[in-house]
Amino acid sequence: MADVGKINTLNIIKMTDIGAYLDGGDLGEILLPTRYVPEDCDEGSALDVFIYFDSKDRLVATTEKPKAQLEAFAYLNVVQVNKMGAFLDWGLPKDLLVPYNQQKTRMVVGKSYLVKVYRDHYSDRIAASSKLDKFLDIWPAQYEIGEQVDLIIATKTDLGFKAIVNNRHWGLLYDNEVFQHLRTGQSIKGYIKNVRSDGGIDLILTRGGIAKVNDFAPALIAYLKAHKGYCNLHDKSSPEEIKRAFGVSKKTFKSTLGNLLKHKKVELLEQGFRLTDKGNK
């Protein structure tokens, strides 16, 4: 059975003047308009298509890829506001509606918002909502410390950045532990730092201890190879200089450099350090 609001692989069952009809299983035949039909296909061909409702609420298919599928979170731009609500550009001819009762704050044309794409139970239409709390799990999270998770950056707070964890929970990245630029809607890998007694989740973007050193070492060697084997930073360089160059803390930089020195992959100079023959292999 085909899933509305998602990309499906469907077979062509007949070709007509207005397009190709696809086998939608329980959904019946679904039209793929002529402008989306590839030239080299025929009856029986399988196509990857996105299924949604057009402006007349008819079920149709397209080979265009939307910016977000059903059940996904996405950072989308408002292109129109009318009496029905706000309309977002999600990469398809029919814009995505955010009804007024699904807007956390009143949306404005030209601004972008983090939303959840969902299917309305009453109208059966695909819509979006910026009231994210109701789509996230209220039950305590069951994560292991150090577990890698998928994050979507949501909003900046006084403490740091709120992020959606594995599309299920809220978590927090603290300002003093973020050493790279983050933006709303950005998808990024992170790690569980702590699950607090109140159910809150503390996050971090790099693993701790030797794992953090091992993560950064390849990037540092790659930097040296791209800069003629030399770097003018050292243990007296400021944290700001190190953060600008590598996006890591001074502690991680020093630990990684020390580990590379121990394995004779770099050598210290009066100002900076350079790659050795062993490190260049």
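Cys231 sits opposite Phe273 of strand S18 in this predicted model, helices (H or I, at least four residues) and strands (E, at least two) being DSSP runs numbered from the N terminus. S16 and S18 (residues 272-275) run antiparallel to each other and share 2 bridges; two strands count as paired if DSSP finds at least two bridges between them. They belong to an open sheet of 3 strands, ordered S16-S18-S17 and paired in the antiparallel sense. S16 (230-231) and S17 (266-269) take the edges with a single partner strand each, so one side of each has no neighbour in the sheet.

Helix H3 lies across S17 and S18, at about 110 degrees to S17. Axes here are lines fitted to C-alpha atoms, for helices over the stretch in contact, with angles from 0 to 180 degrees between N-to-C directions; contact means heavy atoms within 4.5 Å. The buried residues of H3 are Thr252, Phe253, Thr256, Leu257, Asn259 and Leu260, where buried is under 20% relative accessible area, exposed is over 50% and partly exposed is in between (1.4 Å probe, protein chains only). Looking down the axis of H3, these buried residues stay within an arc of 160 degrees, so they line one face of the helix; the arc is taken from the directions from the helix axis to the C-beta atoms. Over on the other side of H3, Lys251 and Lys262 are exposed. After H3 comes Lys264, with a positive phi near 60 degrees.

Residues are numbered from 1 along each chain as its sequence is written, and side-chain values use heavy atoms, with hydrogens and water left out. As the model is predicted, local features need pLDDT of at least 70 and side-chain atom pairs count only at pLDDT 80 or more, while totals for chains, interfaces and linings use all residues.

Turning to the other end of the numbering, S2 (residues 19-23) pairs with S3 in the antiparallel sense over 5 bridges, and Ala20 faces Leu32 of S3. The two strands make a hairpin with 5 residues between them, and Gly25 in the turn has a positive phi of about 65 degrees. In S3 (residues 29-33), 4 of the 5 residues are buried, so the strand is largely enclosed by the rest of the structure.

Leu32 turns up again in the largest nonpolar core: of its 36 residues, Leu32, Val49, Leu88, Trp90, Leu96, Met107 and Ile126 touch the most other members. Such a core is a set of buried Ala, Val, Leu, Ile, Met, Phe, Trp, Tyr and Cys residues joined through side-chain atoms within 4.5 Å. Strand S4 (residues 46-53) gives the largest share of this core, 6 residues.
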